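Please keep the sequence and the 3D view at hand while reading.

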Amino acid sequence: ARGLRRRFGSFIAVDGLDLRVPEGTVYGLLGPNGAGKSTVVRMLTTLLRPTAGEASVMGHDLLREPHRVRSVIGVAGQYASVDENLTGAENLRLFARLTGLSGRDCRTRADELLAAFALADAAGMRRRLDLAISLVAAPPLIFLDEPTTGLDPRTREQMWDVVEGLVARGATVLLTTQYLEEADRLADRIGIIDHGRMIAEGTADELKDAVGSSTLVLTFPAPADEERAVRIITALTGEDAPASRTAGRVHVPLPEDASAAATDVLVALREEGLAPVSVSVDRPSLDSVFL
């Protein structure tokens with residue numbers, strides 16, 4: 001997408017967005033409520049015409065070939081689109097027939113998805129069913145707009161497994177989510193939008209590194225050991241990156257080459273006869289990136 005823009009009257013929901021999603025990856029789109037995430041999805045899935053800009057979806061022009069775009073995508077929006085008068089199996093068979101599958105293939109595909117989404121014994125669970133329906137035609141590109149909102153932790157974990165399985169088989173996924181853990185686990189790249197603009201983009205690790213350095217965290221058996229460790233480490237790392245004590249732990253800011261710096265610290269402590277009880281490395285969380 002290049003310069004994608006959408007205006008509603010005087011309100012600009014999406015303001016010149018550029019977006020590139022490589023095939024076979026998961027792209028996570030994050031942002032606060034009202035940032036424009038769902039509007040982006042609605043435009044890229046032909047449900048809403050852009051006010052300006054252009055986009056190509058799986059090689060098809062979004063504005064000139066919307067029917068081609070629809071033929072290669074699956075969409076699960078924020079709200080379930082299932083027919084509540086039908087059972088889960090009947091919903092799946094209906095959508096399978098609409099995609100052109102034969103009666104026998106419809107039943108087979110419905111049974112596969114009921115099992116994959118743990119719906120065989122609970123086919124009335126609408127959110128999971130809606131997600132299963134978006135995969136009936138096994139599309140190469142799938143848009144998931146906050147797909148796990150309202151799901152319990154176990155079901156959310158099942159959904160993550162399904163998404164990872166889809167990508168392992170070659171599918172591409174564009175995912176919007178409010179769950180930072182979800183983006184951290186699933187997304188190969190993450191874009192953060194606010195007021196309709198892309199304000200940060202990169203892998204989860206790149207984004208975390210951009211907001212702060214990693215920290216080596218050490219615990220010692222006695223406060224006196226902590227004091228010695230702080231003096232030794234500060235002498236090693238210099239006053240620009242001094243060690244500090246907080247809540248019974250020694251914290252050491254790490255430079256970009258974190259593994260080498262951590263090794264130097266541990267070797268220096270060993271040479272002075274100090275043995276930490278525990279050693280860990282804390283990194284900035286995706287929560288910190290988001291905020």
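What follows describes a predicted model, starting with the whole chain.

## The chain as a whole

The protein chain contains 11 helices and 15 strands. Its radius of gyration is 25 Å, well over the 19 Å that the globule rule gives for 291 residues, so the chain is more spread out than a compact globule. The C-alpha trace spans about 75 × 50 × 30 Å along its principal axes.

Of the 291 residues, 43% count as buried. Among contacts with a separation of 6 or more, 66% are accounted for by residues 24 or more positions apart.

One pair of residues gives an idea of distances within the model. Arg231 and Met43 are 188 residues apart in sequence, and their C-alpha atoms are 58 Å apart in space.

## Helix pairs

Two packed helices are described by the angle between their axes and the distance between the axes.

| Helix pair | Angle | Distance between axes |
|---|---|---|
| H3 (residues 88–98) and H5 (residues 126–133) | about 20° | 10 Å |
| H9 and H10 (residues 258–271) | about 130° | 10 Å |
| H3 and H4 (residues 103–116) | about 130° | 8 Å |

Helices H3 and H5 pack at an angle of about 20°. Because angles under 35 degrees count as roughly parallel, H3 is described as roughly parallel to H5. The crossing of these two helices is right-handed. On the H3 side, Gly88, Asn91, Leu92 and Phe95 take part in the contact, and they meet Leu129, Ala132 and Ile133 in H5. By class, the contact of H3 with H5 has five nonpolar residues, two polar ones and no charged ones.

Helix H3 also packs against helix H4, at an angle of about 130° and with the axes 8 Å apart. H3 and H4 are therefore oblique to each other, and their crossing is right-handed. From H3, the contact is made by Gly88, Ala89, Leu92, Arg93, Ala96 and Arg97; from H4, by Gly103, Cys106, Arg107, Ala110, Leu113 and Leu114. The residues of this contact divide into seven nonpolar, two polar and three charged.

The remaining pair in the table is H9 with H10, whose axes are 10 Å apart and form an angle of about 130°. That angle makes H9 oblique to H10. The crossing of H9 and H10 is right-handed. Ala229, Ile232, Ile233 and Leu236 of H9 make the contact with Asp264, Val265, Ala268 and Leu269 of H10. Seven of the residues in the contact of H9 with H10 are nonpolar, none is polar and one is charged.

Arg231 lies in helix H9, which covers residues 223–237. This residue is exposed, because its relative accessible area is 54% and the exposed class begins over 50%.

## A buried strand residue

Leu175 belongs to strand E9, which covers residues 172–176. With a relative accessible area of 2%, Leu175 is buried; the cut-off for that class is under 20%.

Which residues does Leu175 contact, leaving aside its neighbours within four places in sequence? They are Val26, Tyr27, Gly28, Leu29, Leu144, Pro147, Glu182 and Leu186.

Most residues other than glycine have a negative phi. The two residues below have positive values.

Met58 has a phi near 50°, a positive value in a residue other than glycine. Met58 sits in the loop between strand E5 (56–57) and strand E6 (60–61). Its relative accessibility is 31%, so Met58 counts as partly exposed.

Ala138 also has a positive phi, near 50°, and is likewise a residue other than glycine. Its place is in the loop between H5 and strand E8 (141–145). At 56% relative accessibility, Ala138 counts as exposed.

Note on methods: Residues are numbered from 1 along each chain as its sequence is written. This is a predicted model: local features need pLDDT of at least 70, side-chain atom pairs count only at pLDDT 80 or more; totals for chains, interfaces and linings use all residues. Side-chain values use heavy atoms; hydrogens and water are left out. Helices (H or I, at least four residues) and strands (E, at least two) are DSSP runs, numbered from the N terminus. Buried means under 20% relative accessible area, exposed over 50%, partly exposed in between (1.4 Å probe, protein chains only). Axes are lines fitted to C-alpha atoms, for helices over the stretch in contact, and angles run from 0 to 180 degrees between N-to-C directions. Angles under 35 degrees count as roughly parallel, over 145 as roughly antiparallel, 65 to 115 as roughly perpendicular and the rest as oblique. A crossing is left-handed if the near helix is turned anticlockwise from the far one by less than a right angle, and right-handed if clockwise. Contact means heavy atoms within 4.5 Å. Ala, Val, Leu, Ile, Met, Phe, Trp, Tyr, Cys and Pro count as nonpolar, Asp, Glu, Lys and Arg as charged, and the others, Gly among them, as polar. The radius of gyration is taken over C-alpha atoms; the globule rule is 2.2 Å times the number of residues to the power 0.38.
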